[in-house]
Amino acid sequence: MKKSLICLAVTETTLGKNLNTILKYRNSIDMVELRADFLDKAELPFLHKFPRMTDLPIILTIRKKTDGGKFVSDERQRRQLLGNGIQGNYSYIDLEEDFTDNDFSKRIKKKGVKIIRSFHDFSGVPHDLSRRIKALAKSPGELPKAAVMPQSTSEVYRLLQCYKECDHMDKILLGMGTFGFPTRILCSSLGSYLTYCSAPGASAAPGHIDPVTLTDLYRFREISPKTFVYGIIGNPVMHTFSPCIHNPGFARIGLDAVYLPFHVDSIKDFMEVAEFLDIRGFSVTIPHKENIIQFLDKKDQSVTQVAACNTVVKEESTHKPARYCGVNTDGIGFVEALKERLNKTSLDGLKVTTIGAGGAAKAIVFALVSEGAEVLIINRTVHRAEKLADSFHCAWAGLDDDGLLKMQDYSDIIVQTTSLGMEPNSNMDPVPGYTFKGHETVYDIVYKPEMTLLLKRAQKAGCSIILGKEMLLGQAFVQFRLFTGKEYPDKAGVRILL
Ligand code: NAP
């Protein structure tokens, strides 16, 4: 399969500003799409001069508002502008599916300009997408392009089927938006002539990322049908930092693999996507950590005990359908960072208070108890503290005076797992009545902000503190080990990056 190209769509208001954008990203791109519908009116008479300003092949596009662009004048004027434009040295011109002027098309071809014949669907993935793509290439030599915006994971699967059905032909086929994002990266393995990207803050279409992120983080140029695919499923998911941990890790150990965010609304449908893309492993985040369990063929004890799973690894076998094994690395990741800080191989006999009894607390308490710690759980809703304590034979209390008193006896380590202190409630402290003595190690799993009010208070009292990002990284390092069989190669580097 041919390597896909990187096309920078430029959307500035003047040709000069567009040129500056191109120069900035010159080393990361192969071609440019001039979105002339974004240009100031005064620039339009000079369209034909633009190709001479750069050495890259240029696509001329004047997208109508109805097709997701900005051009609002009449069609006659658009044709006139396109006609003037091709007097310059454009390599391609993008004409929509419903552009039916044959004489104009012939004129374009005579000039040696290739036609990209496009259609856009912002409402979803049409059921007849493959048929429409095949019909798009109206005359020989035209490159069909379909940009569709999946509205669900099942539509992502439909889009993937379409790549397969149109496997034999040159085409540009891309999924827009958050659901479609992985298709923008996997072009060279799925089969799309190019992918589009934009400068930061100047996105020409939903889901564009900047060229440097494409080449440096996702290693777009190295992706091929042989590249192993990993990812994270969540809803929402695009904000996740996980690709910035795993992709540089893969690069450093020389593994031909890519880690992508998958916006998922149905795990059942995602499992079909996983089978299609032969996904080797994936992280699981909110809200799928519990529901994923029913789709696992094997569960680690960390999953059965905590009733939540954040890591799925595909079994290495030719078995069809693939078999998946679930692990929960939240607790192990939490404990590894703690043991590293304490410089201990076990937590045997240490007395620990865990503030909170939610999902994260469950994974943490299981890991602490497994390591031999004695744990007190205090929580606002007392019966939740009691229930969690019962499961793991811990002490419990409310987030009240009784709890604060009991904390005195469980104060080697204090773990904060509630959402108090997290932005936008960063001025909150879950235990304002507890006075730190200075001997405690205080670990707040909230990572935004990095220094919570509780940690600031603990540090002032002379306590050793551990930031929430250590757990975030710790669970990712364990995932990396499960995905690759290797230790994460640059822990210090990624810590600075995060
Ligand atoms: P969760 O299941 O919703 O649990 C929330 C916990 O916070 C419960 O114990 C809840 O008490 C308590 N809480 C919420 N509002 C409170 C208030 N106003 N006063 C007192 N207690 C309150 O959430 P989770 O998944 O466990 O996540 C909790 C926090 O951990 C979040 O900030 C999350 O970002 C962070 N986290 C960090 C990492 C990491 O890697 N660093 C990993 C996972 C989670 P009730 O039972 O009384 O409602």
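Start by selecting Lys109: at 33% relative accessibility it is partly exposed, a label for anything between buried (under 20% relative accessible area) and exposed (over 50%), with a 1.4 Å probe and protein chains only. You are looking at a predicted model, in which local features need pLDDT of at least 70, side-chain atom pairs count only at pLDDT 80 or more, and totals for chains, interfaces and linings use all residues. Residues are numbered from 1 along each chain as its sequence is written, and side-chain values use heavy atoms, with hydrogens and water left out.

The term stands for a side-chain nitrogen of Lys or Arg within 4 Å of a carboxyl oxygen of Asp or Glu. Helices (H or I, at least four residues) and strands (E, at least two) are DSSP runs, numbered from the N terminus. Glu142 is buried, at 7% relative accessible area.

Next, pick Asp98 and Lys64, whose side chains meet in another salt bridge (3.7 Å, N to O). Asp98 is in the loop between strand S4 (92-96) and helix H3 (102-110), while Lys64 is in the loop between S3 and H2, so the pair ties together parts 34 residues apart in sequence. Asp98 is partly exposed at 49%, whereas Lys64 is buried at 17%.

The structure holds 32 salt bridges.

Move on to Asp74, in the loop between strand S3 (58-61) and H2. A polar atom of the Asp74 side chain lies 3.3 Å from the backbone nitrogen of Arg76. Asp74 is partly exposed, at 41% relative accessibility.

Follow H2 (residues 75-85) along to Gly83. Is Gly83 buried or exposed? Gly83 is buried, with a relative accessible area of 5%. Leaving aside residues up to four places away in sequence, Gly83 touches Phe104 and Arg107, where contact means heavy atoms within 4.5 Å.

Time to zoom out and colour by domain: domain 1 (5-225), domain 2 (247-327 + 474-497) and domain 3 (339-467), with bounds from an automatic or database domain assignment. Between domain 1 and domain 2, 22 residues on one side are in contact with 22 on the other. The two bury about 1700 Å² between them, 69% of it on carbon and sulfur atoms; buried area is the accessible area (1.4 Å probe) that two parts lose on being put together, summed over both. On the domain 1 side, select Thr153, Tyr157 and Arg219, which lose the most area to domain 2, together 32% of what that side buries. The count of salt bridges between these two domains is zero. Helix H5 (153-165) and helix H6 (177-185) each supply at least two residues of the domain 1 side, and the largest share, seven residues, comes from H5.

Last stop: helix H17 (residues 468-484), with 13 of its 17 residues buried, so it is largely enclosed by the rest of the structure. Show Glu470 and Arg495, whose side chains meet in a salt bridge (3.0 Å, N to O). Glu470 is in helix H17 and Arg495 in helix H18 (residues 491-497), 25 residues apart. Gly485 follows H17, with a positive phi near 75°.

Technical notes: A polar contact is a pair of N or O atoms within 3.5 Å; within protein, one must be able to donate a hydrogen and the other to accept it, and residues adjacent in sequence count only if both atoms are side-chain atoms.
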